[in-house]
Amino acid sequence: MTLHSANRHAPRRSAAPGLQHDRIYIDGTWTEPESAASIEVTDSTDERTLGRAPAASAADAERAASAARRAFDAWAGTAAAERALLLRSAAAHLAARRGELADLISRETGMPRPQSLAVQVDLPLSNLDEAARRATGGAAEERIGRSLIVREPVGAVGCITPWNFPLHQSVAKAAFALAAGCTVVLKPSEIAPLDAFVLTEAIAEAGFPPGVFNLVTGTGTEVGEALATSPDLDMISFTGSTAAGKRVAELAARTVKRVALELGGKSANIVLDDLDDARLELVITDAVRRAYGNSGQTCTALTRLLVPEHRLRQVEAIVTEAVAALVVGDPFDEGVDLGPLASAAQRDRVQEWIRIGSAEGARLVVGGLGAPTGRERGFYVRPTVFSDVRPDMAIAQEEIFGPVLSILTYRTEDEAVAIANGVRYGLSGAVSSLDPGRAERVARRLRTGQVDVNGAPFNPRAPLGGYKESGIGREYGRYGFEEFLEIKSIQR
Ligand code: NAD
């Protein structure tokens, strides 16, 4: 991402015409932002210019917030069936552009194209459908003594999203907020804002009333902070780094907004001591996949592998073989497991973490500094594994957000749980054992919002969210919908 303050008519480089955006969407209209500044979006696969989006100002954000405010009462009063119909119509418009979206998001984020289609496009489509279902399902009313407890939409909501699963994150917020009867201002990441224009076009084509959904692209410090402080918004739903989430929460406190935060993670994958050799091989091979999904640019990535001390050499041998079998390459080539990272800045941050790991005394088992051979162009990083990692090392404490796996050892189950819980994050985790009951008992001791037992797959209807500094609130399914509802007691 590069910021340009050049005028609107400056000549542009190689970006496809369809990816050149100079307008934001406010009050049902594609409108010129206050300033002509723009964000140049880079193709992660070859470092060329992919497209452009406006770098809108705080005043633009405020304009969008007041449009959302004005539209709220009428939208909150629409029949749930109408909201559901509009969400399904938006989904149909998006579905008609599945291939185009998968191509675009692979270029924005670096994810291999087949995975993009399934995760970056089909998952949000399924969430749009789920949001429509939730709208008509409503929220149950309850009686407590003489009181009737009702649920109402929370109001106008600012949604601020990251770049790693850009469309998915936008939909996980906006679709559920709209379903609940809230109006929305979406501010996507400046690293990957282009797919949000496709989403907005689908919403516009579906015919949502003016002001119900607004798109403002720009930086976090300008547009994001303006939304967090806006008196016109009742809630901020934020996904991103813990540092930015803390800033958003501080700013939102000035107007006592509700805040939902989906932040970073440093999740542990605990391999218990009862696995036989065959099962250990399966579990460790899967552990590599669960650490490196989306090249490690995943908030729930299981980046700390906790293994019994006496199995360490065996684990290292399996990990080495599993990593050697991974194909790192162009997301559009067949059979590729890992593409590049989304940006030069992220690639450089990950390189710095690899340097820090070695400097702290961790032992490099595979990978290391530099790009994979032949992948000097594009933001590629070598899949890297450190062993002899102590729980207090920075690489065991901090989120790296790249393909870097740390192996730690433990002697007792209690020690494994203490190491797993010994970080400021609490987003996800995993436990493997031949005894599912034992694995579940350990899962209950982890202070995290999710835990996968024995290789269980991701469930998009189950709530996702963090304990501790991984966040506040939950997304997806019923819990994600209820985030956007207020509670009222009517005494009778
Ligand atoms: P980031 O914090 O840099 O940016 C996220 C969004 O916040 C962007 O839209 C950015 O413009 C905006 N932003 C940045 N500073 C801001 C500020 N001061 N005020 C308001 N908005 C601001 O994060 P990123 O690098 O885009 O994404 C990676 C991070 O997101 C990782 O830490 C990852 O763990 C986290 N993440 C969490 C989840 C989850 O569900 N918990 C999901 C995906 C990503």
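Modeller: Helix α9 (residues 277-292) packs against helix α10 (residues 312-324) at an angle of about 50 degrees. Their axes lie 9 Å apart. Helices here are DSSP runs of H or I, at least four residues, numbered from the N terminus. Axes are lines fitted to C-alpha atoms over the stretch in contact, and angles run from 0 to 180 degrees between N-to-C directions.

This is a predicted model, where local features need pLDDT of at least 70, side-chain atom pairs count only at pLDDT 80 or more, and totals for chains, interfaces and linings use all residues. Residues are numbered from 1 along each chain as its sequence is written, and side-chain values use heavy atoms, leaving out hydrogens and water.

Back to the pair. α9 and α10 are therefore oblique to each other; angles under 35 degrees count as roughly parallel, over 145 as roughly antiparallel, 65 to 115 as roughly perpendicular and the rest as oblique. The crossing of α9 and α10 is right-handed, meaning that the near helix is turned clockwise from the far one by less than a right angle.

Now the contact itself (heavy atoms within 4.5 Å). α9 brings Asp277, Leu280, Glu281, Ile284, Thr285, Val288 and Tyr292. They meet Gln314, Val315, Ile318, Val319, Ala322 and Val323 in α10. By class, the residues of this contact are nine nonpolar, two polar and two charged. Nonpolar covers Ala, Val, Leu, Ile, Met, Phe, Trp, Tyr, Cys and Pro; charged covers Asp, Glu, Lys and Arg; the others, Gly among them, are polar.

Definitions and conventions. Helix = DSSP H or I, 4+ residues; strand = E, 2+ residues; numbered from the N terminus.
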